[in-house]
Structures are given as structure tokens and as C-alpha cells.
Amino acid sequence: MWGDLRQRLVELGLQFSAEETRFPGHATELVRAALRDPRAPAIVVSVGGDGTHHEVVNGFFEVDCSPIPTVTRLMFFNGGSGQDLLRTIDMPEDAAALIAAVRDGTDSQLDVGVVRCAAPAAVGAARERQACFINEASFGLSASAVQQLQGRAKGRGAYLRGTLAALRTHRRAAVLVEVDGHAGPPLQCVMGAVCNGRFFGGGMQIAPHARVDDGLLSATIVHNATLCNILCHIRRLYNGTISQLTELVAIFDGTDFRVTTTNANSDVAVECDGELVGRLPATFAVRPGAVTVR
């Protein structure tokens, strides 16, 4: 994939520089450095999967998630296994399409989500974690599935296997969900996802009506579900009909969310864009039109 793209760029005489990542978080560091350079590039192209795209998007923001002033645009070129972001937004399918978009494409603005949550218990309760997400952030069973996949290849089959493995030990947690300052009743939460895009988990359509450019986040909370419920209805996660399970699923749209557990001893993991971040309590907020994409 990258070899073909590099060859086409060279053949066309287009000026570019390429950096390969060497460790987790490296793409974020590279993009921040590029944007701070007086010769900042006109376009940054993220070549990889959802994890790479997550890191590159975070490179457009400081560690505290404040935006880095820039006129640089962002492009995505997919090469990963999960492909959840690809299912929500248009991406060039090959090198020729990407080069055509670089030359003649139009710009648009995408929203970005920001999650702030408690650090993992091993790090210490006093510390806070924050990260930007382009696609989704979730907690509960879905984050436990991500834990199951640490260091392994991801994709539709892998995420499903990780979810089924996590189900063996996962326990519901009582949570309070506050949306734009309005709190609802406690929910016995299996998992929750606060979404900018529509898909997660290698093709699970967790937020069918979410849009990446409407200035809102869409939250889906699966609650009061038994193991039997989950296994019987898991197909609905893929076909986009999960919202029809009104007795088991709560849907919220808003700009600011706060999720807390009612039990101080609960340890509910949080992930965003397939990367573990921390644990509840957490806040989720949208930054409308925060990145310009080509």
C-alpha cells in the first residue's frame, strides 16, 4: 500500500516527506512537530488503520487537547484491519485516488471528541487522562474487549472474539449519565459508547445516526442486558438496528456528557478509537469543525 503510494508520488514529481512510526504515540509527536515547524506541510496524510488515524488526529492538538493553530489539512488513507473510520467517512481507496484528492479535492471540517477520565488504577487515582477521538470513545464491555486485544491484530473477527472473551468475566456497573447538564436515572450499564462516527469494534454499528460534522456526539448505552440478551441480539450491532431494543438501549445526543459510577469501588475501563485511555468517571465533549480534512 505505502510502497505503491510512494512510487506514484515520486513518478509525478510531487514534493513530500514520509515518517514511519516506531512506538505508540509516535505519530502524535511527529504531527505536532510538523505543525509547529515554520515550514508546516499543506497536508498531512495519515496512512494506516484506526489506531494510526487516532494518533495523527491527536497530533493536531496539544497534550491538554487544545487545538494547535494551523492551516494544515488532514487526509486519511486506510491500511488497517478494523476500518471503522473508513465506514463513516470517505477515504481514497488507492494511490491514484489519493493523489487526485490532494490535487483537486475540496476541504471540509470534521468534529473531534475529547474524553477526560481517571487514569488506570495502577497509575493512581489522582491523575487524569485526556485524549481526542475522531470516531468514538466507549466504556464497559467494549473497553474490556480492547484490553483483551492488547498487542494483537484487530479486525471484525478479532473484536468479536475479544468481546466474547470479555463477557466471561464482565459485570454490569451502575452509572449516571449526564447530557448537557441534565442527569438521568442510574443505569445498570453493560457498555456505553459516545460517538462521533457510526461504527466501532470492526464493523459494529453502535451509533447508526451519528454524523462527524453535525456538532453533536451520539451516545448509546446498553443496560440491563443479560448474557443471553447480548448473544441473541449481537447481530443488531452489525446491521444498525440496535436502537430498536428500547428496553435495553438508551440513546442520547448532545455536546457534553459526564458518566460516573454510583459505586466508588467500580473499575470501568474507558477506550477511544480502539486505544485504552483510563477509567470512569469521564467527560466527553465535542469540538465542532476542529480539523480541516481534504
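Reader: Which residues of H3 are buried?

Author: Please keep in mind that this is a predicted model. Buried here means a relative accessible area under 20%, and seven of the nine residues of H3 are buried, so the helix is largely enclosed by the rest of the structure. The buried residues of H3 are Asp 50, His 53, His 54, Glu 55, Val 56, Val 57 and Asn 58.

Reader: In which sense do strand E1 and strand E2 pair, and what is the handedness of the crossover between them?

Author: Strand E1 covers residues 43-48 and strand E2 covers residues 73-78, and the two pair in the parallel sense over six bridges.

Reader: What is the bridge partner of Ser 46 in E2?

Author: The pairing of E1 with E2 is made over six bridges. For Ser 46, the bridge partner in E2 is Phe 76.

Reader: Is Cys 65 buried or exposed, given that it has a positive phi although it is not a glycine?

Author: Cys 65 lies in the loop between H3 and E2, and its phi is about 75°. The cut-off for buried is a relative accessible area under 20%, and because Cys 65 has a relative accessible area of 1%, it counts as buried.

Reader: What is the phi of Asp 273, and where is this residue found?

Author: Asp 273 is found in the loop between strand E12, residues 269-272, and strand E13. With 6% relative accessibility, Asp 273 counts as buried. Its phi is positive, in a residue other than glycine, and the value is near 55°.

Reader: Which residues form a nonpolar patch on the surface, and how much accessible area do they have together?

Author: Leu 164, whose place is in helix H7, residues 156-167, counts as partly exposed at 38% relative accessibility. The patch is formed by Leu 164, Leu 227 and Leu 231, and their accessible area together is about 260 Å².

Terms used: Residues are numbered from 1 along each chain as its sequence is written. This is a predicted model: local features need pLDDT of at least 70, side-chain atom pairs count only at pLDDT 80 or more; totals for chains, interfaces and linings use all residues. Side-chain values use heavy atoms; hydrogens and water are left out. Two strands pair if DSSP finds at least two bridges between them. Helices (H or I, at least four residues) and strands (E, at least two) are DSSP runs, numbered from the N terminus. Patches are made of residues with over 30% relative accessible area and no salt bridge: like charges are joined within 9 Å, nonpolar side chains (Val, Leu, Ile, Met, Phe, Trp, Tyr) within 5 Å. Accessible areas come from the Shrake-Rupley method with a 1.4 Å probe; for residues, only the protein chains shown count as cover. A salt bridge is a side-chain nitrogen of Lys or Arg within 4 Å of a carboxyl oxygen of Asp or Glu. Buried means under 20% relative accessible area, exposed over 50%, partly exposed in between (1.4 Å probe, protein chains only).
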